[in-house]
Amino acid sequence: MNKSIYSLVLSDDVVDAVDALARTEGMSRSAMINRILAERVAYTTPEMRLRDILQSLAQSISDEFILTEQPTGSTLSARTSLKYRYKPTVKYSVEIYHSDGIRAGQFRVSFRTQNAQLIADLTGFFRCWAALEQKYIADKLSNDIVYTISEGRFERTLNMPRGKITDDELGTAVAEYMAAFDGAMKAYFAELPNTERAISRIWEYYRAAISRQSVIV
């Protein structure tokens, strides 16, 4: 959305009220005035779209997740814990893109660990999960999934679903994806150190989870 500079004559009291509201929302004066005017004329700005998607995501995520902070800008952050010896914290981050293109955003998972065995087990799960997605949903998406797997980290692109979808439906779909990923990871680790049984368990879990998702991202 293009932006230009406009000169407006406003009451000082109105500007003070706008500034106070902007501070509570963590926005600039211009951004707040832009939002107020957009809402008045029923126009959805990219910023409003992001807010609606993230609000839907925050309201839809499973009770397994704890929001580490309220959604700000284009990102939501949450955490869970994994039953693995010292119960390491799983950090989740979802970034939603401004543009309404083929990419909806980016999904990230990270662990702060130097435990070699945990890193090896995580890498095994991440690769298994990616293989499952390539087998079952790659042909249902609008674009290829791009993965980044490194020590204790997993990143994946989120694609816009085919066909029309509302912001609320997109937020819910991302929340369902997070829940499926987290649930599969916990199911996988529950079977370790029997890797063969862990892989079998995640395949069963994934097929059941994907059958319940009406929107694939």
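Q: Is arginine 212 buried or exposed?

A: Arginine 212 is exposed, because its relative accessible area is 59% (buried means under 20%, exposed over 50% and partly exposed in between, with a 1.4 Å probe and protein chains only). The model is predicted: local features need pLDDT of at least 70, side-chain atom pairs count only at pLDDT 80 or more, and totals for chains, interfaces and linings use all residues. Residues are numbered from 1 along each chain as its sequence is written, and side-chain values use heavy atoms, with hydrogens and water left out.

Q: In which helix is arginine 212 found, and which backbone oxygen lies 3.4 Å from a polar atom of its side chain?

A: Arginine 212 belongs to helix α6, residues 195–212 (helices are DSSP runs of H or I with at least four residues, strands are runs of E with at least two, and both are numbered from the N terminus). The backbone oxygen is that of alanine 208.

Q: Is arginine 156 buried or exposed?

A: Arginine 156, in strand β6 (residues 153–159), is buried, because its relative accessible area is 0%.

Q: With which side chain does the side chain of arginine 156 make a polar contact?

A: A polar contact is a pair of N or O atoms within 3.5 Å; within protein, one must be able to donate a hydrogen and the other to accept it, and residues adjacent in sequence count only if both atoms are side-chain atoms. The partner of arginine 156 is the side chain of tyrosine 177, at 3.0 Å.

Q: How is the packing of two helices described?

A: Two packed helices are described by the angle between their axes and the distance between the axes. Here, helix α4 (residues 116–136) and helix α5 (residues 167–191) pack at about 130 degrees, with axes 11 Å apart (axes are lines fitted to C-alpha atoms, for helices over the stretch in contact, and angles run from 0 to 180 degrees between N-to-C directions). That makes α4 oblique to α5 (under 35 degrees counts as roughly parallel, over 145 as roughly antiparallel, 65 to 115 as roughly perpendicular and the rest as oblique).

Q: Which residues make the contact between α4 and α5?

A: Contact means heavy atoms within 4.5 Å. Among the residues involved are Phe125 and Trp129 of α4, and Tyr177 and Phe181 of α5.
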